Amino acid sequence: GTPDNPYVEATAGVRLLQIAQGSDTILQGNTAFQVGLHYSIFLYDTLKNDSLKMFILQDNLQPYSDTMTYVRFINFSPDSALNLVLASNRDTIQTGFREFAGNRLKTSSYTYKLMHIGLYEARAWRDTVAAHSIPLGNIQIDSLKNYSLFLQGYADSSGEYGLRLKSVRQN
């Protein structure tokens, strides 16, 4: 896909999905795609040997309104349970403490939450002590776009392995 259209067309049905690095297949498995639906595919690891995994979620492409949108939250920070808090002038959204996705592959755990559009300050909380929260910068949530927001990196690291908030617009 591209930033304007993040989806690549695939034929519906049960398919063997392979991820290759050069000529080597590094991950493969069967998956089922349904006609007319859209999916996000995440590859993640824990930086340990042979820990590469694939996570596929069905997307919601129906925008809500011009002032609110749907957002889904995923924690790809290994060995953690983090509460993502997004605060704007209008409201504050908390995800509750979410486990590392690798420990919770049940797709029903990743439903969409309705939230106002706008600029949000993001922080990840390791526990309920404010001094232990991790600033993640700002994120803009636009109208008529749905998002997957995910935490990546390690909560106890900095630099290239430090915790970051990433977003993927789905429509």
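Biologist: Which residue in β9 does Ala87 stand opposite?

Modeller: Ala87 faces Glu121 across the pair of strands. Please bear in mind that the model is predicted, with local features needing pLDDT of at least 70 and side-chain atom pairs counting only at pLDDT 80 or more, while totals for chains, interfaces and linings use all residues. Residues are numbered from 1 along each chain as its sequence is written, and side-chain values use heavy atoms, with hydrogens and water left out.

Biologist: How do β6 and β9 pair, and over how many bridges?

Modeller: β6 and strand β9, which covers residues 118-125, are antiparallel partners joined by five bridges. Strands here are DSSP runs of E with at least two residues, numbered from the N terminus, and two of them pair if DSSP finds at least two bridges between them.

Biologist: What's the strand order in that sheet?

Modeller: The sheet is open, with four strands in the order β7-β6-β9-β10 and antiparallel pairing. At its edges are β7 and β10 (134-141), and because each has a single partner strand, one side of each has no neighbour in the sheet.

Biologist: Let's pick out Val85. Where does it sit, and is it buried or exposed?

Modeller: Val85 belongs to strand β6, which spans residues 81-87. Its relative accessible area is 13%, so Val85 counts as buried (under 20% on this scale, with exposed meaning over 50% and partly exposed in between, using a 1.4 Å probe and protein chains only).

Biologist: And what does Val85 touch, apart from its neighbours in sequence?

Modeller: Once neighbours within four places in sequence are set aside, Val85 contacts Thr92, Ile93, Gln94, Glu121, Ala122, Arg123 and Trp125, where a contact is a pair of heavy atoms within 4.5 Å.

Biologist: How far is Val85 from Leu61?

Modeller: From C-alpha to C-alpha, 24 Å separate Val85 and Leu61, and the two are 24 residues apart in sequence.

Biologist: Which way does β11 run against β5 and β12?

Modeller: β11 (residues 147-152) is antiparallel to β12, with six bridges joining the two, whereas β5 and β11 pair in the parallel sense, also over six bridges.

Biologist: How many residues of β11 are buried?

Modeller: Five of the six residues in β11 are buried, so the strand is mostly covered.

Biologist: How many cavities of 30 Å³ or more are there?

Modeller: The count is one, a cavity being a set of points on a 1 Å grid over the protein atoms alone where a 1.4 Å probe fits but cannot get out. The largest cavity has a volume of about 50 Å³, taken as the space filled by probe spheres set on the points, which are joined across faces, edges and corners.

Biologist: What lines the largest cavity?

Modeller: The lining, meaning residues with an atom within 4 Å of a point, consists of Phe73, Ile74, Asn75, Leu82, Leu84, Thr95, Arg98, Leu149, Phe150 and Leu151. The elements giving two or more residues to this lining are β5 (68-76), β6, β7 (92-99) and β11.

Key: 1 Å grid on protein atoms, 1.4 Å probe; cavity = no way out; pocket = protein on both sides within 12 Å on 5 of 7 lines; lining within 4 Å.
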